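Please look over the sequence and the model below before reading on.

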Amino acid sequence: MRAWVVGTPGPIDAGPLRMVERALPEPGPGQVRVRVTCCGVCRTDLHLAEGDLPPRRPQVVPGHEVVGVVDALGPGAARFAVGERIGVAWLGRTDGTCRWCRRGDENLCTSPLFTGWDRDGGYADACLADEAYAYRLPDGIGDEQAAPLLCAGIIGYRALRCADVPPGGRLGIYGFGGSAHLTAQVALAQGLRVHVLTRGEHNQRLAAELGVDSVAGATDAPPEPLDGAILFAPSGELVPVALRALDRGGTLAVAGIWLSAVPSLDYAAELFQERRLRSVTANTRRDGEEFLRLAGRLGVRATTTAYPMAEAPRALADLAHGRFGGAAVLVS
């Protein structure tokens, strides 16, 4: 099979991905093999390729927004049937025994495995998945539309919950790419006022088209104090900007797995009055199931740009340089 691997991490324009030929992987106990129909392109893949996230094993295959069809079952696998369409997401396995898993916080597991980082992901003709961590996908949502839901959508949903905006409250969204444009749809459907603060013509136009309450530059002040905010952009310099925009008691949730350096914070201006700063660390399977049901019910739709699987490096380069709005999807 064909697969893209991270060779030597480096700037995406220097070509850190390379195409290789590999044998089809054989599923182990409790695993399924998935023939990939498409795979979303996540900023985490870019961080992996460029070395912000050091690869956890040599020549790992990126990609963790995988949509495909089960074509082989490992010993004991019975949750899905051969021929069934499923989704494979970022959280690939947890130990199930650490105190975080036992209390229901498997996103904080001390020994997790992540798709496209610890194990090979979906930038390939096929990949393996533990059946217990795969998802059935909502009917009526096509493959290309479903792919971004599997990380961008799920982690955005968790970030929205972590921002703790009260009913009818005011949400700020900093950065407006694949995850943010899905999160905004959920927030608007829930009756929140949504203010988008982002750079880039594509992103600003998409936000306006989705009907948010205001759109401005990433460092601008929103038109009203925020009850909560989510930072999707991997830019630490926006942390104090977003904290200053919060009303008393507001929460800033940082949704990315990687963030550039955060400047020193001014306690009085940015944290006092019980403003809160918190990270969002992966997701639980419960988050994923809840979001996918909600996405189907609310009609959440991803704005996508399709690329052939053979052009994965171009898709990541276009993501890095902000050449599209919404999400990119590799199509086999």
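At roughly what angle do the axes of helix α4 and helix α9 cross? The model is a predicted one. In it, the axes of α4 (residues 152–163) and α9 (residues 285–298) cross at roughly 100 degrees and come within 9 Å. Angles of 65 to 115 degrees count as roughly perpendicular, so α4 is roughly perpendicular to α9. On the α4 side, the residues that meet α9 are G153, I154, Y157, R158 and R161. Their partners in α9 are D287, G288, E290, F291 and L294. Sorted by class, this contact of α4 with α9 holds 4 charged, 4 nonpolar and 2 polar residues.

Helix α7 (residues 238–245) is mostly covered, with 7 of its 8 residues buried. The buried residues are L238, V239, P240, V241, A242, L243 and A245. Among the elements that cover them are the strands β10 (170–174), β13 (226–231), β14 (246–254) and β15 (276–279), together with helix α8 (267–271).

The last topic is empty space. Rolling a probe the size of a water molecule over the atoms shows where such space is left. A search of the whole structure finds 1 cavity of 30 Å³ or more, and the largest cavity has a volume of about 40 Å³. Its lining consists of V88, A89, L91, G92, T115, R119, L128, A129, D130 and Y133. By class, the lining has 6 nonpolar, 2 polar and 2 charged residues.

Note on methods
Residues numbered from 1 in each chain as written. Predicted model: local features only at pLDDT ≥ 70, side-chain atom pairs only at ≥ 80, totals over all residues. Heavy atoms only, no water. 1 Å grid on protein atoms, 1.4 Å probe; cavity = no way out; pocket = protein on both sides within 12 Å on 5 of 7 lines; lining within 4 Å. Points joined across faces, edges and corners; volume = space filled by probe spheres on them. Nonpolar A, V, L, I, M, F, W, Y, C, P; charged D, E, K, R; others polar. Buried < 20%, exposed > 50% of the residue type's maximum accessible area, 1.4 Å probe, protein only. Helix = DSSP H or I, 4+ residues; strand = E, 2+ residues; numbered from the N terminus. Contact = heavy atoms within 4.5 Å. Axes fitted to C-alpha atoms, helices over the stretch in contact; angles between N-to-C directions. Parallel < 35°, antiparallel > 145°, perpendicular 65-115°, else oblique.
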